[in-house]
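Here are a few notes to read alongside the model. Keep the 3D view open and go through them one at a time.

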Amino acid sequence: MQQIPALFADFSNPKKRVFFGYLLLAVALALVWLVAARGRSWRAAFVEVFDKRVFFSRSALADYQIFLLNRVFTLFISPVLVSQLAIATALFYALHDVPWVRQGQFSHLPTGWVVAIFTTVLFFVDDLSKYLLHRWMHRWPLLWAIHKVHHSAETMTPITVYRVHPLEGVLYAMRGALAQGTTMAICLYLFGSKVDLYTVVGVNVLSFAFHVTGSNLRHSHVAIRYWAWLEHLLISPAQHQVHHSTAREHHDKNFGAAFAVWDWAFGSLHLSERDRKLTFGLPAKEASATNVLDIYLRPFADMARVVHRRMKRLASRWRGSQT
Amino acid sequence: MLKSKLKFTTALAVLAVAGSAALAGEVYGPFPITEKSYSGDKTNSVSYSGQVARHVLHDSLKALAYKGDGGHNAAALEAQMLAYFNGSDEDLPIIAPTSKDGFPIKQTTVNEISKGKNISGKFYKGAMPAWPGNKSGLDVMLQMISMAAASEQGYDAVNGFDYGQLISKFTLGAMPYSQAVDNYLDEKLAADNKPNDKPYKDGAYYTGKEHVWDEAFGYFGAAAHSVNLDPNQNYGVAKRKDLAAADANGDGVVDLKTEYVFGPAYYAAGADKGGTKSTDYMGTIFGAFRDGRALIASADGAALTSEQRAQLVGYAATIESAWEQVLAEAAFKYAGSVYKDINTLKSGEDQDKALRAYVKHWGELKGFTMALQTGKSNLGATAFDLNWLVGFGPAMLDGKMVSDIDADGNVIRGREMSLEDYQVNMLKVQKLLKDTFGLKSLANDATADLAALADKLGATEAAETD
């Protein structure tokens with residue numbers, strides 16, 4: 001019973017996307033968007049934002065159950081993961097062997113510069129690593145078996161961000177440790193003890209900016225779009241909804257989290273399309289939208305199948321090389 | 001009116017007496033005479049002037065280590081250093097600590113403190129593998145004295161030796177620490193060794209156990225009132241900067257016997273003063289000494305019961321472990337200094353000055369890692385690792401370090417070691433010391449920024465997926 005507040009702690013934690021302040025801002029943004037850009041009345045906008053067919057769909061109800069179950073898993077899994085400090089320390093040691101830089105080489109730069117550089121680099125590296133892992137989750141069958149859980153959502157609400165298999169949570173935590181640990185070690189090695197983070201309410205100022213500008217609307221039915229030029233730089237909520245679309249031409253597009261530049265650079269960018277009606281989810285033979293037991297267990301069966309197929313292929317290749 | 005004034009004055013007087021009684025309870029002594037065979041007029045059984053004399057011999061020896069003129073005065077200087085090390089029939093002048101403006105010191109010669117004392121008789125004679133040549137601790141010190149006497153102002157810029165630092169920091173372990181924890185607080189606490197129902201020696205005004213305990217306290221080197229001073233004040237006394245803090249009896253001069261802070265206590269206060277400021281080594285060690293002494297006094301000249309002795313052994317264990325941590329904290333701090341000095345060296349700014357600071361800090365690091373190996377417990381693999389990581393000399397700019405000193409005293413520089421690799425060694429030294437001795441002050445922690453930043457970032461922000 002004492003753990004129950006911990007299950008909902010994310011709603012009061014500004015480091016989390018579902019912090020209630022960000023959610024309120026997302027609602028405000030959605031209303032203003034629908035009224036100003038789409039010409040709805042305030043009343044119609046309100047009804048559309050709080051559409052009960054979305055929030056009480058069977059897919060959304062599964063999201064809520066997964067949210068709670070994953071919180072419980074997190075309590076057990078988090079302590080055993082490799083920390084960014086372990087990675088940072090190992091890399092910090094190793095950097096001493098790089099002949100062309102020395103510790104504290106740029107420590108004479110003004111503190112403001114150092115903090116700005118670290119804050120920006122950390123956000124960029126973190127975002128790039130999210131792009132890469134996300135892309136691999138779609139491209140590699142073994143990882144897609146896990147990531148399908150997220151894409152099986154047929155309606156999207158801000159809670160859908162938690163609709164992931166626990167193994168995906170582990171992979172993302174390791175990615176975070178690697179990205180942050182690497183950035184920390186390199187920046188501290190080069191800039192010394194001036195390294196610090198610009199924060200608002202304890203959050204990286206850039207993450208804060210990402211969240212207050214509607215990150216929660218990425219998983220929603222409110223398709224806020226940006227100008228085309230801006231959608232080359234930043235992923236709009238509508239672009240992320242394209243990523244979830246069942247349309248063939250939308251597959252494997254818009255892997256980016258905050259920045260669209262990675263998609264642009266690696267050829268996976270897809271701009272949003274005005275008034276395009278999107279449907280979300282996966283065919284039933286791929287994943288269930290609503291059966292929680294199936295959602296948690298099927299990835300294991302799918303992964304086993306992928307491994308088995310690979311082994312068979314390897315075995316036949318080996319036999320072929322013997323003859 | 002008169003009556004109420006009287007009441008007020010009485011209340012003040014009671015408060016003053018109560019207040020001074022509480023303070024008197026905190027300092028080390030005076031403690032009453034409990035030795036039944038003594039009939040003289042002494043009223044205080046505390047005595048540790050011999051240890052104070054040895055601290056003074058050590059401070060003076062360190063000062064002499066910087067008096068070499070490149071070889072011309074080698075023989076005379078070595079003889080002079082040995083007089084302080086081995087003791088002398090003559091009354092030796094105190095070379096350090098001496099009076100300076102605003103800090104007058106009562107004694108000017110060693111005999112004014114105690115006669116017939118030396119360092120060598122109390123010096124660690126076990127094996128010292130931290131120094132080349134498979135020598136005993138005593139032989140290592142004799143070699144260092146000889147090399148210091150032949151040097152130019154105690155500094156060897158080729159091999160990276162600062163003899164004053166090496167001699168001083170090694171001695172801080174090999175004499176006071178080793179004597180206190182491996183002798184006075186060890187076998188001399190046994191029931192049949194210097195028992196409490198007999199005088200320490202015939203005619204003495206203190207019992208066996210009283211004096212054993214006092215001698216150990218004397219080796220710690222705190223002022224009798226150090227416990228009432230904050231770390232900055234104890235530091236200020238040792239640096240001869242804070243007369244007000246030192247002069248407990250208010251006579252305007254500092255009595256080295258009771259009012260000065262010597263090496264081991266200075267480093268305890270130093271660890272409390274720097275780093276995370278979360279430690280109280282001075283309070284821990286001083287408190288255990290004082291409480292142990294009060295326990296012995298409470299036996300009133302009778303043999304200690306096994307319970308009392310067990311309690312005393314408990315105090316001794318507290319002292320030993322905290323004292324060991326103090327030496328390790330100092331080594332940790334100087335490993336951090338050496339790490340930073342290499343950054344300065346590599347930046348190319350004022351190379352001579354940077355090298356001088358590097359060699360000085362290395363001498364302190366090396367000396368303290370040697371000091372750690374003179375205690376009661378065998379450090380085993382920790383000592384081996386420390387000695388390998390720190391080496392027989394610092395890594396120098398040419399990528400080499402000392403590998404041996406031959407029978408003729410020639411230093412051989414045969415080990416390859418880049419400054420970068422040596423920096424990593426310093427990180428490993430800090431980790432090893434921190435993990436082995438449970439250090440908390442952690443001054444000059446070279447990876448503290450990593451831990452602080454990791455703490456600030458936390459893990460929560462990173463785990464979000466899309």
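1. Start with burial: 48% of the 323 residues in chain A are buried. Keep in mind that this is a predicted model, and "buried" here stands for under 20% relative accessible area.

2. Now look at what chain A is built from. You'll find 14 helices and 2 strands in chain A.

3. What about the overall size? A compact globule with 323 residues would have a radius of gyration near 20 Å, and chain A comes out at 22 Å, so the two agree. If you'd rather think in boxes, the C-alpha atoms of chain A fill one of roughly 65 × 60 × 50 Å along the principal axes.

4. Take the contacts in chain A with a separation of 6 or more: 73% of them come from residues 24 or more positions apart.

5. Chain A exposes about 16200 Å², and 69% of that is supplied by carbon and sulfur atoms.

6. Between them, chain A and chain B bury about 3200 Å², with 56% of it on carbon and sulfur atoms. Which residues in chain A lose the most area to chain B? They are A:Lys15, A:Tyr93 and A:His96, together 22% of what that side buries.

Conventions
Residues numbered from 1 in each chain as written. Chains lettered and ligands numbered in written order. Predicted model: local features only at pLDDT ≥ 70, side-chain atom pairs only at ≥ 80, totals over all residues. Heavy atoms only, no water. Helix = DSSP H or I, 4+ residues; strand = E, 2+ residues; numbered from the N terminus. Rg over C-alpha atoms; globule rule 2.2 N^0.38 Å. Buried < 20%, exposed > 50% of the residue type's maximum accessible area, 1.4 Å probe, protein only. Contact = heavy atoms within 4.5 Å. Areas by Shrake-Rupley, 256 points an atom, 1.4 Å probe, with all protein chains shown as cover. Buried area = accessible area lost by both parts, 1.4 Å probe.
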